[in-house]
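Open the model in your viewer and keep the selection panel handy.

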Amino acid sequence: MDERTIDYADFAEYDRRQRSIERHVLVAFLGGLVVGLAGMLLSGLGPAWLDRVYDPYAYFALALLVGVTASGLGWALLTTFLAAVTTLVSAMGASALRGRFTFDVMDGGAAGLNWMLAVLVGLGLLAYVTRREDHWGDISAGVVGGVLLADVVDRATPGFIETEEAFWPGPALVIGSLSVGLVLALRRSTGSRLCALAVTVVLATLFAAVLAGSLGLSFPLDP
């Protein structure tokens with residue numbers, strides 16, 4: 001009798017886990033649909049800085065949320081990919097509704113789409129790994145922060161690849177502060193937070209230095 005009760009309890013737990021995974025997949029799909037449609041339909045209707053903040057940081061936020069709430073690494077990969085693809089496809093559909101159907105919903109055309117897809121999936125996987133309580137979790141949180149800050153630096157620094165005048169100073173400072181806050185929120189102990197912040201600072205600094213050096217070599221300024 002006891003063994004039968006244990007079996008039923010295990011079955012019930014398995015059933016709850018499966019239902020949780022199903023809900024997570026559905027939420028990832030619907031989240032990507034809403035974020036993609038809203039971003040394209042509202043594009044150009046507000047101030048320029050709002051578009052710069054929504055794209056790509058709303059997409060980043062969705063990928064991080066989906067990844068950190070996944071039931072396993074494999075599910076994090078699947079659901080983040082699903083959310084990312086749904087976001088990009090719905091953005092294309094929304095552009096068609098506005099009478100300007102195009103595959104170029106991201107800067108850079110097809111290459112830009114592929115790069116954004118890779119970044120979103122990567123952020124989702126890193127977000128899942130941040131649930132670990134060891135140094136791998138610290139490093140993953142630091143890499144997430146480094147990626148976000150590197151993008152902020154790229155957009156806010158004159159002469160860099162994605163420089164946007166409307167992004168500095170307000171949006172850049174807000175997104176930068178939220179990125180640091182996210183790193184702190186992903187870790188629980190003071191030591192873990194310091195380690196993650198160190199990784200974030202190192203990665204963002206290296207990115208800025210390497211990009212500045214590359215642009216300086218490729219596009220020398222006349223004295």
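Begin by selecting helix 2 and helix 5 (residues 135-156), which pack at an angle of about 175 degrees with their axes 12 Å apart. Axes here are lines fitted to C-alpha atoms, for helices over the stretch in contact, and angles run from 0 to 180 degrees between N-to-C directions. Helices (H or I, at least four residues) and strands (E, at least two) are DSSP runs, numbered from the N terminus. Helix 2 and helix 5 are therefore roughly antiparallel to each other (under 35 degrees counts as roughly parallel, over 145 as roughly antiparallel, 65 to 115 as roughly perpendicular and the rest as oblique).

Now show side chains. On helix 2, pick Asp55, Pro56, Tyr57, Phe60 and Leu64; their partners on helix 5 are Val144, Leu148, Asp151, Val152 and Arg155, where contact means heavy atoms within 4.5 Å. This contact of helix 2 with helix 5 divides into seven nonpolar, no polar and three charged residues. In this scheme Ala, Val, Leu, Ile, Met, Phe, Trp, Tyr, Cys and Pro count as nonpolar, Asp, Glu, Lys and Arg as charged, and the others, Gly among them, as polar.

A word on the model before moving on: it is predicted, with local features needing pLDDT of at least 70 and side-chain atom pairs counted only at pLDDT 80 or more, while totals for chains, interfaces and linings use all residues. Residues are numbered from 1 along each chain as its sequence is written, and side-chain values use heavy atoms, with hydrogens and water left out.

Select Trp49, Val53, Tyr57 and Leu64 in helix 2, which meet Pro171, Ile175 and Leu182 in helix 6. By class, this contact of helix 2 with helix 6 has seven nonpolar residues, with no polar and no charged ones.

The axes of helix 5 and helix 6 come within 9 Å and cross at roughly 175 degrees, and that makes helix 5 roughly antiparallel to helix 6. Ala141, Val144, Gly145, Leu148, Leu149, Val152 and Ala156 in helix 5 meet Ala172, Ile175, Gly176, Ser179, Val180, Leu182, Val183 and Leu186 in helix 6. The contact of helix 5 with helix 6 divides into 12 nonpolar, three polar and no charged residues.

Which residues lie nearest the centre of the second largest pocket? Select Tyr57, Ala61, Leu64, Leu148 and Leu182, part of a lining of 13 residues. On a 1 Å grid over the protein atoms alone, a pocket is an open set of points with protein on both sides within 12 Å along at least five of seven lines, a cavity is a set where a 1.4 Å probe fits but cannot get out, and lining residues have an atom within 4 Å of a point. The second largest pocket has a volume of about 280 Å³. Helix 2 gives the most to its lining, with six residues.

Last stop: the largest cavity, with about 30 Å³ of space. Select its lining, Tyr59, Leu62, Ala63, Thr80, Ala83, Ala84, Thr87 and Leu120. Helix 3 gives the most to this cavity lining, with four residues.

Key:
Points joined across faces, edges and corners; volume = space filled by probe spheres on them.
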